[in-house]
Amino acid sequence: MMKILTIGALCAASFYYAQNYPVSAIPENLKKDAHVVIRKDFTTIQINKIDEIKYQFNMVKTVLNKDGDSEAQVYIPYEKGDHVSDVKVTVYDESGKKVKSYSKSDFGDFANNSQGVFYSDSRFLALSYTPTQYPYTVEFSYQITDQNTIFIPDFIPFTDTNISLEESQFKIINNSGIELRTKTYPSPYNYTSVTESNDGTGKVYSYKNVPAIDDAFLLPKPIKILPKVSFALAKFNLEGKQGNITNWKDFGSWYYSNILQPVSVSTPSIKAEVAALQLKGTTEEKVKKLYQYMQSKTRYIYVGLGIGGWQPMMPDEVQKKGYGDCKGLSNYMKTLLDEAGIPSYYCKINSGSSPVSFDKDFPKMGGNHIILMVPTEKGNIWLENTSQQIAFNHLGYTTTDRNVLMVKKEGIEVVDTPSYSAEQSKEKQLLKINLNEDNSISGEGNFSYTGIQYDNNLSLVTMSPKERNEAVKNLLDVLHFETIEMKNFLNDRDNAVAKYDLNFKASNYSKNAGNSMIFRAVPIYSNTIYRTEANRELPFELRQSFEDEYEINFAIPKNFKIDEIPENIVLNSEFGTYKLSFVKNGEELKVSRTIKINKGLFPKEKYNDYVNFRKKTINMDNSKILITKI
């Protein structure tokens, strides 16, 4: 199968090395836990004026095994108006012998129409290459000139696990006369450090001999472990629009005037559709009606046009076509709110599973997603505008617990998004279980999910009944299902609750012991395998708080009696709490089980404490109950 060689980040060199890079020259410590070793990663950035920046890149990567192929791809992203030149690619074998070389004419030129992208000004050059053996090395260099000076990349050793680095340099030459602001963020765990020097023509930042970060259990994202250096010009150009970015106030005013105001235009048609909704009641009720109306008539498709791909589509275009990306849909929703006389604010955010916030003290263009915030007397309402299924005033786990750049006419305000507590992110199970003498169980259950656990069930919304049955069967695979049927699935978009009922039969639940049967206390539980680590090297992150609350009612066969039940138990730790209790009532037994986990970033020294806590909870879930034939 053909593979596309790509480089997704701006990272390479200012000069071309006449080396062969034999794999034998790689230090052994850099091979440990690595799929790819970055041999050389040199970038030179030359800022000539407010609207001209030149990049020179040279990257050499050795791929140790097939898991590293994607990291060695050769890929040149560019925008309309950029000039790409001096493209050179050389592939070496394990000994450093040249296998093949390529130039720009060997590359294909493609529109950047990845999944979900409808149309875009972005394009890329890509080279197809099929490796025939491992390890192999790819050396790649090119130059590109860009008129947009607002986007200067951060300097970080690497951005993913199982990659190590021999040497990286980032040189920045500022001939523009414009102030270049920089800020270094050291590794909070002393994983490695960046050195800074001046060679007479510019600043040079370097990393050397950085070992790979292994993809360990509960590992934080590498960006939270590694150091980085950030850069921002005090004055910049974006598609012919020039501005200042020395503080959030000035940059926000520029952003409002140049990016948002030109597309904040209503039309008689938009006025009419808002009037037709006949909005009544409180501000919250009006916003909810408008939001759910917008959801019902639009769908998400990425659009990378406009000023550097940052300017939204016109609201009437979204209205007519029924689609848009996060920018366009948020701008359309904001226009609907404007027509209803309800102020709202366009918010830039770093969306991702592990929260990343903007530095309040270092203004810089950034963010990868747009949401809206509506202030009310009762608190802020947050609107995620790209989903047709998500509940009103609910943000998913990729946008909670971090800050946003809220754009106002008078400037940007840095505001925090909500953070859901464990009690707000709850799974509730109410199970009625019949124990059968053939060791099977039959039962029915009521399930409900809120907060972050609501997000985990949104994928069920678009599934067919058959697909839902398969999904829940796979999710609850700790039971050996013979039959399973999900019923009454509800996505409560007013209250951010997902609910469903379940009928099922499962085999081999209990075991015989003479005239007795033994079965576990909790039918459905997490069967994650937790292992201690003697030499944990890095911290661990519990990304979300949550709480599971189960009530299980067992009905035993009529010719049996309950002989032995475990003692009630409570486990407390800094990571959370666990409670398990039993109430016997004739031929029925009620088991109540609650587990609460607290999110947080914890030091490596506490990793085994957490693992032992979770092992205890699983052992308690497997507490055995004995019933005996009368």
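## Close-up views of a predicted model

A search of the whole structure, which is a predicted model, finds 30 salt bridges.

**View 1. A salt bridge between Arg39 and Glu166.** Arg39 and Glu166 form a salt bridge in which the closest N and O atoms are 2.4 Å apart. Because Arg39 belongs to strand 2 (residues 36-49) and Glu166 to strand 11 (residues 163-174), the pair ties together parts of the chain that are 127 residues apart in sequence. Both of these residues, Arg39 and Glu166, are buried.

**View 2. A salt bridge between Asp33 and Lys32.** Here the side chains of Asp33 and Lys32 meet with an N to O distance of 3.0 Å. Asp33 has a relative accessible area of 30%, and it therefore counts as partly exposed, while Lys32, at 46% relative accessibility, is likewise classed as partly exposed.

View 3. The side chains of Glu547 and Lys426 meet in a salt bridge of 2.9 Å, taken from N to O. This pair links distant parts of the chain, since Glu547 lies in strand 33 and Lys426 in strand 26 (residues 426-435), 121 residues apart. Glu547 is buried, and Lys426 is buried as well.

View 4. The eight strands follow the order 28-29-27-26-33-37-36-35, and their pairing is mixed. Strand 28 (480-492) and strand 35 (569-573) stand at the edges with a single partner strand each, so one side of each is left without a neighbour in the sheet. From one strand to the next, the twist averages 10°. Within this sheet, strand 33 (residues 546-555) and strand 37 (residues 588-597) run antiparallel and are joined by 10 bridges, and Glu549 has Thr594, in strand 37, as its bridge partner. Helix 8 (residues 465-475) packs on the sheet, where it touches strand 28 and strand 29 (497-507), and the direction of this helix makes about 115° with that of strand 28.

**View 5. Helix 6 and the residue that follows.** Helix 6 (residues 326-339) has 14 residues and should span 20 Å at 1.5 Å a residue, a value with which the 20 Å between its end C-alpha atoms agrees. The helix is mostly covered, as 12 of its 14 residues are buried; among them are Cys326, Leu329, Tyr332, Met333, Leu336 and Leu337, along with the lysines Lys327 and Lys334. Just after helix 6, Gly341 takes a positive phi of about 75°.

View 6. The structure holds zero disulfides. For Cys326, which is in no disulfide, the nearest cysteine sulfur is that of Cys347, 12 Å away, whereas a disulfide would need the two sulfur atoms to lie within 2.5 Å. Cys326 has a relative accessible area of 8% and is therefore buried. For Cys347, also in no disulfide, the nearest cysteine sulfur is in turn that of Cys326, and with 0% relative accessibility Cys347 counts as buried.

Key: Residues are numbered from 1 along each chain as its sequence is written. This is a predicted model: local features need pLDDT of at least 70, side-chain atom pairs count only at pLDDT 80 or more; totals for chains, interfaces and linings use all residues. Side-chain values use heavy atoms; hydrogens and water are left out. Helices (H or I, at least four residues) and strands (E, at least two) are DSSP runs, numbered from the N terminus. The expected span of a helix is 1.5 Å times one less than its number of residues. Buried means under 20% relative accessible area, exposed over 50%, partly exposed in between (1.4 Å probe, protein chains only). Two strands pair if DSSP finds at least two bridges between them. Axes are lines fitted to C-alpha atoms, for helices over the stretch in contact, and angles run from 0 to 180 degrees between N-to-C directions. Contact means heavy atoms within 4.5 Å. A salt bridge is a side-chain nitrogen of Lys or Arg within 4 Å of a carboxyl oxygen of Asp or Glu.
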